[in-house]
Amino acid sequence: MGEKQMAFDTLFQQTTGLQAPYPYQRRLAQEPWPGLLEVPTGLGKTAAVVLAWMYKRLHGDPDTPRRLVYCLPMRVLVEQTADNAARWAEAATPWFAERGLTPPAVHVLMGGDADAEWAERPEDPAILVGTQDMLLSRALMRGYGMSRFVWPVHFALLHNDAFWIFDELQLMGPGLATSAQLEAFRRRLDTGKGSRSLWMSATLNRDWLATVDFRNDLAESAALALSATDRTEAVSRRLEAPKSLSRAATALTANNPKDYPAELAAEVAAAHRSGKTTLVVVNTVARAQAVHDALADHAPDAERLLVHSRFRAAERRAQEEHLRAPPGETGRIVVATQAVEAGVDVTSAVLFTELAPWSSLVQRFGRCNRYGEEAEAWIRWVDVASDKTVRPPYEAADLDHARSRLEGLDSASPGTLPATDTAAPYTQVLRRPDLLALFNTDPDLSGFDVDVSPYIRDADEMDVQVFWRDLSEDVAYQPEPRREELCRAPVGQVRDYLRKAVKKQERRAYHWDALAGRWIRLQGDPRPGMMLMLDAGLGGYTAERGFDPAARKPVPVLGGEQEEPESVGGDRWSRQGSLGLDRHLMDVEDEALRLCDAVEEDHFRVPVARAGRWHDVGKAHPVFQQTLTACLEQAPSTPLAKSPCAGRHARPYFRHELASALAWLDQHDGESQADLIAYLIAAHHGKVRLGLRALPDEQPPEDPERRYARGVWEGDELPEVAIGNRDRSAPVTVSLERMTLGEGPEGASWSTRTARLLEELGPFRLAWLEALVRIADWRASRSEQEEGA
Amino acid sequence: MKRIPLPGCAPTPLARYLKALGVLRLVAEGPDPEALGYWQGDEFVLESARLDAQELERFLLHDYVPTPIVAPWNGGSGFYPKDRKDGIEPLGGAQARRFAPYAEVIGLGFEALAAAALETSPKDEEKADLLARLRGQLPEYALQALDAGVVLAGEDPRYPPLFGTGWNDGRLEFSNNFMQRLVELFDPDSGAPSTVAEQWLPGALWGEPTPGLTKGAIGQFAPGNAGGPNASVGFEGASLINPWDFVLMLEGGLLFAAAATRRLESHEAAAMSFPFTVRPTRAGSGSASGAEEGSSRAEMWLPLWERPASYAELRGLLVEGRATLGRRPARDGLDFARSVAGLGVDRGIRAFQRYAFVQRSGKAFLAAPLDRFPVPDRPSEVAGLLADLDRHGFLDRLRGQARGKDAPGRLQSLVRRLEDAIYGLARGNGNGRPAAGQRLREILVLLGRLQAYVGHSPSLRERVPPVPVLRSDWAVAADDGSPEFHVAAALASLLQPSAGELSALPMRAFLAPVVLAGNRWEWDPESRTAVWGEGDLLRNLLAVLERRLLEWRWREHAGSPFQAGLRADAGSVAAFLAGETDDDRIAELLPGLALAWPPESLPARESAAPPLPVAFSVLKPFFVPGSLLAGKWLPAGRECAFPDAGPLVAKLQAGALEGGQGALPTAWRMARGAGLSLPETPGSPPAANMDSQRLAAALLVPMNVQDTNVVLGKIYRKPEVTHEHTG
């Protein structure tokens, strides 16, 4: 055993508290990263990857990016994974400290402000865990549940210096092709900092990843799988655990959906063994609820448990604890949906499962005699007709295929199961032009955007998050929901829920209006990814059955400490003393330099710093200064960057960063990287990016000849701004010539310039530089505020 | 920079417009990425540092690499056994380098069909699957063509209108035709241009006469070719076309794919958004009848810009061309007309050429050129007033009702006229088109009529809200200085909510069954104040007058029935009283003007009307708010008990003006009793000979304070005792 191996074994054991690592876990840490990890379920893939990543970070491996982005198809998995990772990271802290390194922090990306913190520290190692909805939407520049103005920052940090882990691929749907395409684009389009991907699955069919642009890379990707030495006793006991397989007497057909729950419950009750766990996996939440209800009559003595994804975290946690405890004398019957296929660590002596696509069945079989703990275990599969009334959420072809495979099998021991060969589902594939189009986030005034949802998840799986509160007293200023309160629910069902009145009272949903800083009533239908507050008095959830639109009884509200939510981009830094503009410009430039050093951005250090130096020059605009000095007794002699005055600008939609960018171009057009710096300046709030347009309800100047955009008018005078001894912006008469299509007297238009930049630098690098300037601005502002406070 | 004018390209017909973009696109994607293009008058101009006219010809003849356009989902596309093969077969096996991409994509098309085991053109789900497969598998250079023909929004394929339903329009299969034309132009194996290709090219680019054209269909792009009324405008000779025209047209049409996007979020049906393309509207289309709206599938607005722009920039423009109006998407031509002004101004676009895709013959659609929409120098503030109509979804809902299958004819015609007027307003004036003020008056009149019409239909009331409160700028901008307008505006402001305060008995509630709830109007089918009906102005005004007095009595004389937000000058009132005004015009304007907040004042107008008669002066004190008399004409404190004009109105209504029981002597007596000072002589009111009903109506018209004082001063004396300066 070499020294390196010992080091890894010690790290592994000390941080996870587990036995010595399996050989494959060691190999993962000590060999170059593979592209694929093909290891059966239950053999510690998560620990393997997180610990290998830490190990390589500890050893300064250049091929190990700073951010571990752990992407999972389901919320339940996110919580488990994040909890484990946090525990391990905590335990590994001394190892990092010893080497003078910052230990990794674990963040769950769940939308809202809670996950904003990590984005301010791009130089620190971090483990970001999230669902594919949260992560892929961000990777597509349309982050769900966050301010659209911060999209470019998250986009940048998830494509640069990021190590994407995709787990439980069989549940990812269209997200899988997207993950492969994004990896291909990162390799092709150039990133500011290297990134990589690793796909992990027990039931991986490589073809699923063979998308048009990734096909060739995939052929060259190394896969790490179990080797002969991995087949130690513990592993082989799992691989060879006996599981006899037969068809259940009950079947679901188009004719019996009503009687089916009772029929299945009766068969389950008869097969149940006292003192053991019986697991029943069905394909829909509604059927799980019905079978669970029916079992009350057929197996009144056994402990019953219902597991699906439509529970609040609080109830789910209680269930999981329950599941972990050994069953009592009468045994336990767990009714579950496909939520149990992934991650939930449960085993059973008897398993009933409805027919499902082959890869799902393999996962479900893994929940029977999981550790080889039983000498005998039975699996019965319940046939599901391919009729469209009963087959959803699955396709007839997938069910037919699985049925034909099952018919020849009498054992489901992992060792004897054939590999997955189902073809990849046909989904919409993200192409390079699509990604480039998504880079443009220009304010979408009509509330319409390019739709990214087909690249993330199947349309019928779209979820929102809901939580319940007592709204009889106050609606608008309810505190932010805590994780325990949130429950996932399908968009369609929430819509139906809202359409049903209870006791003549209309059901309403509220969403957080970050601009107004309060909860407001949802107009129209809910949209995927939203977080909605519901009135507990009007029902819709029970602790036993989870989300249930038909439930009318009041929902028990979860107590606990609650914080009032912050409004997005709110005035986090504005309530402070006055600060001179020159000082702020220099602070941001200095911070930008420090940041570039910290993230080792050498090539573009100068333009990033220069953008920092000039980013707020436009604040010298009289409109901005008027707002800043309105509450001051004495107007200062030089322009301010910040002041305690709060108020609206005399011109609505006034954007100082546009004035800054125009002032910069006016004095530096034609110089090297002048366009890049102009873009970085303009984009530093995420509000002026690729296009330059007036907003429809903007107040136009009186003179019809004057162009205007974002409150900046042609001919506005910007005074001289001295930037300490470093630089000086001469007085400028603003020209908006460049917003016009075509070559003009001032050269190419703004959109030509930005299109060229995007072409030259690519979306990943451009966003990266954009993010650095913004982060420098955030950080400088924060320390200025802390000093001032 | 070399300037290459292309007289063969023009804003109309559509084929020629697309051809212009085709040339720019091919040059920019080929020899000169920095090439620029713009419209000068009706001609397209290409600017290039690398090519001149001759080199452009050379490039197209020898180096141009055709974009692979295939549509394996279409029967007739060449991919199925019974299809015409004279294009696809030679290209599928072509050896020439310029056809390599085409050959590859044809091969991939066949592979995709084989993989999906399709032997006939697929339908529904199979078709969607095939499209997803192709979109996921074809090389990037073939995606643009795919996106120009079809967009997958969710599970369903949707078709941008430009190329029929996925490169197929009626019997014309574009992709197969394209391949056939290419084979006519070039040798598939050597890549060399045919002799005729050389002969035809000048015709396509420079508009020179072409020796002998080829047979083929150009479809919807040049309706002239189908033998329509424009036959002489576009291409000459029915269905004889220059293959270059067809090829370049399709190459240009692909530019519109660059921005084919899907729209996010689910409050509207999943939609495809295509640059500058909206639902069809009747407004402004001139000749198109209402029936055509039903059979036309879309409307496109093609930008005409005058400053040299690059291909990349043009693509960006088309991406932005998803028109938005305020905070909602523009869905049809009317919305678009209102929103393009802003986009055009920002972007330097001078005009848009409008096209409607109309179904005229069998299944095929024709791109019928509509008008050219000049972009105003800036969004007109007057046009900005139209935003008021979007509140509470009013305009959308109204238009939605009028489009309904069973919409009453009267509603349809009113809404259609409204749409035309709005379109006209957005389009701006100039070239002899009516000025904005006239458009606004038209709109106000129509809104007034619509309000009455909808208000009296129980089923429409459920679906369309009352007209939202309009800003006071409406009245100011619509003012034509006529006495009719000023009289109507003053009447409209009677007890109107003024200065932002809402008070009782607003004129609007007398014109239609509406009631103020909070700060918005709602329907009130039970309204007892809505006495206005068809018929003449005087009768209606008297009905309003009586009803106002009655309501005032029910309110125990709180306030005054004659309070008003805006007061007319004496000249306008005199013209009305003298019968010199057009009563119908007043009746028409009043309901519209009552929808707007009254402005503080309207510009003073010159008046040549005869002075108001003394009889008017005698009666007037009973038709003004008490506050106007207090202190000035009445001793302090007396105004509260000032008598009700009811008895006078009854007499005027009955035609009793003079004589013992006439309105004048009665007023004389009442005035004395109320504390007004009358002169010693004459001891009785002067004789008058006039239409007493008109007099009553004229008395209802609010008159400005200064003129009122002058009028009252003709008869009444100011009280002597209380003087403001005494203290």
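This is a predicted model: local features need pLDDT of at least 70, side-chain atom pairs count only at pLDDT 80 or more; totals for chains, interfaces and linings use all residues.

Residues are numbered from 1 along each chain as its sequence is written, chains are lettered from A and ligands numbered from 1 in the order in which they are written, and side-chain values use heavy atoms, with hydrogens and water left out.

**Helix packing in chain A**

- Helix H18 (residues 605-614) of chain A and helix H21 (residues 674-682) of chain A have axes that come within 9 Å and cross at roughly 50 degrees. Axes are lines fitted to C-alpha atoms, for helices over the stretch in contact, and angles run from 0 to 180 degrees between N-to-C directions.
- That angle makes H18(A) oblique to H21(A). Angles under 35 degrees count as roughly parallel, over 145 as roughly antiparallel, 65 to 115 as roughly perpendicular and the rest as oblique.
- The crossing of H18(A) and H21(A) is right-handed. A crossing is right-handed if the near helix is turned clockwise from the far one by less than a right angle, and left-handed if anticlockwise.
- From H18(A), Pro607(A), Val608(A), Arg610(A), Ala611(A) and Trp614(A) meet Leu676(A), Ile677(A), Leu680(A) and Ile681(A) of H21(A). Contact means heavy atoms within 4.5 Å.
- By class, this contact of H18(A) with H21(A) has 8 nonpolar, no polar and 1 charged residues. Ala, Val, Leu, Ile, Met, Phe, Trp, Tyr, Cys and Pro count as nonpolar, Asp, Glu, Lys and Arg as charged, and the others, Gly among them, as polar.

**Helix packing in chain B**

- Helix H2 (residues 53-63) of chain B packs against helix H8 (residues 195-206) of chain B at about 125 degrees, with the axes 11 Å apart.
- H2(B) and H8(B) are therefore oblique to each other. Their crossing is right-handed.
- In H2(B), Ala53(B), Leu56(B), Glu57(B), Leu60(B) and Leu61(B) make the contact; their partners in H8(B) include Leu201(B), Pro202(B) and Trp206(B).
- The contact of H2(B) with H8(B) has 9 nonpolar, no polar and 2 charged residues.

**A covered helix**

- Helix H6 (residues 151-159) of chain A is mostly covered, with 9 of its 9 residues buried. Buried means under 20% relative accessible area, exposed over 50%, partly exposed in between (1.4 Å probe, protein chains only).
- Among the buried residues of H6(A) are Trp151(A), Phe155(A) and His159(A).
- Asp161(A) follows H6(A) and has a positive phi, near 55 degrees.

**Salt bridges**

- The count is 71 salt bridges over all chains. A salt bridge is a side-chain nitrogen of Lys or Arg within 4 Å of a carboxyl oxygen of Asp or Glu.
- Glu267(A) pairs with Arg380(A), the closest N and O atoms being 3.6 Å apart. Glu267(A) lies in helix H10 and Arg380(A) in strand S13, so the pair ties together parts 113 residues apart in sequence.
- Glu267(A) counts as buried at 12% relative accessibility. Arg380(A) counts as partly exposed at 27%.
- Arg135(B) and Asp434(A) meet in a salt bridge (2.7 Å, N to O). This pair crosses between chains, from helix H5 of chain B to helix H15 of chain A.
- Asp616(A) forms a salt bridge with Lys619(A), the closest N and O atoms being 3.0 Å apart. Asp616(A) is buried at 1% relative accessibility, and Lys619(A) is buried at 7%.
- Arg121(A), Glu123(A), Asp124(A), Glu591(A), Arg594(A) and Arg779(A) are linked in a network of salt bridges.

Definitions and conventions
Helices (H or I, at least four residues) and strands (E, at least two) are DSSP runs, numbered from the N terminus.
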